[in-house]
Amino acid sequence: MATALLLAVVLGLSKMPWAVVLFVALVPLVLGACASATERRRVRRAYGDYEVQTQAARSEAFLVVEADPEAVKDAVRRAATDRFRLVGERGEELILLRRMNLATWGMTARVTVAAHTQGTRIHVREEPRLGTTIYDWGQGRRDIVLLLDRIGEQLTGPVSPAE
């Protein structure tokens, strides 16, 4: 109903041919259908002590480290160099931005640091800045692996990634 109303308004206010207006109105609907079809696909891959889960260009991973939460937050701040930029902190959550590249229009990574019985639990969730992105060519997974490896290096020194 909303699409038909939008189509009528655009047609009424536009001097474009109706076929162009129809195309412009239907493209978002088709893209939305593609997004909902691919969003059901969930991929999990293990990388050393953590596994990265990806679904429709949104990736996340959990990791438990033997360190106190403040040391982990400090490690995240120091790891946010080169590709990542720390843009904000809200309580246990640190927000990092990844610049645009050929694979994506940029990514937003949210790192949540919480106390755990075995130390500190790190949850990293990365999603594209452009909300309609449905495929990121594996960029989210690579970013999370890189970020968790950098955090590990900051906490314990250089480590070798297990890929």
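## A walk through the model, from loop to patch

At 38% relative accessibility, leucine 130 counts as partly exposed, because that label covers everything between buried (under 20% relative accessible area) and exposed (over 50%), using a 1.4 Å probe and protein chains only. You'll find leucine 130 in the loop between strand 7 and helix 4. Helices (H or I, at least four residues) and strands (E, at least two) are DSSP runs, numbered from the N terminus. Leucine 130 and threonine 108 are 22 residues apart in sequence, and their C-alpha atoms are 9.7 Å apart in space.

Before we go on, this is a predicted model, where local features need pLDDT of at least 70 and side-chain atom pairs count only at pLDDT 80 or more, while totals for chains, interfaces and linings use all residues. Residues are numbered from 1 along each chain as its sequence is written, and side-chain values use heavy atoms, with hydrogens and water left out.

Tryptophan 137 counts as exposed because its relative accessibility is 58%.

Now step back to strand 7 itself. Two strands pair if DSSP finds at least two bridges between them. Strand 6 (residues 107-116) and strand 7 pair in the antiparallel sense over 10 bridges, and they form a hairpin with two residues between them. For one of the partners, look at alanine 115, which is bridged to threonine 120 in strand 7. Strand 7 also runs antiparallel to strand 3, joined by seven bridges. Here leucine 63 has isoleucine 122 of strand 7 as its bridge partner.

Follow strand 3 (58-65) back and you reach the loop that links it to strand 2 (50-55), where alanine 56 has its place. Alanine 56 isn't a glycine, yet it has a positive phi of about 50 degrees. Is alanine 56 buried or exposed? Alanine 56 counts as buried, because its relative accessibility is 9%.

With 58% relative accessibility, phenylalanine 23 counts as exposed. Phe23, Val27 and Leu31 form a nonpolar patch on the surface, with about 300 Å² of accessible area together. Such areas come from the Shrake-Rupley method with a 1.4 Å probe, and for residues only the protein chains shown count as cover. Patches are made of residues with over 30% relative accessible area and no salt bridge; like charges are joined within 9 Å, and nonpolar side chains (Val, Leu, Ile, Met, Phe, Trp, Tyr) within 5 Å. A salt bridge is a side-chain nitrogen of Lys or Arg within 4 Å of a carboxyl oxygen of Asp or Glu.
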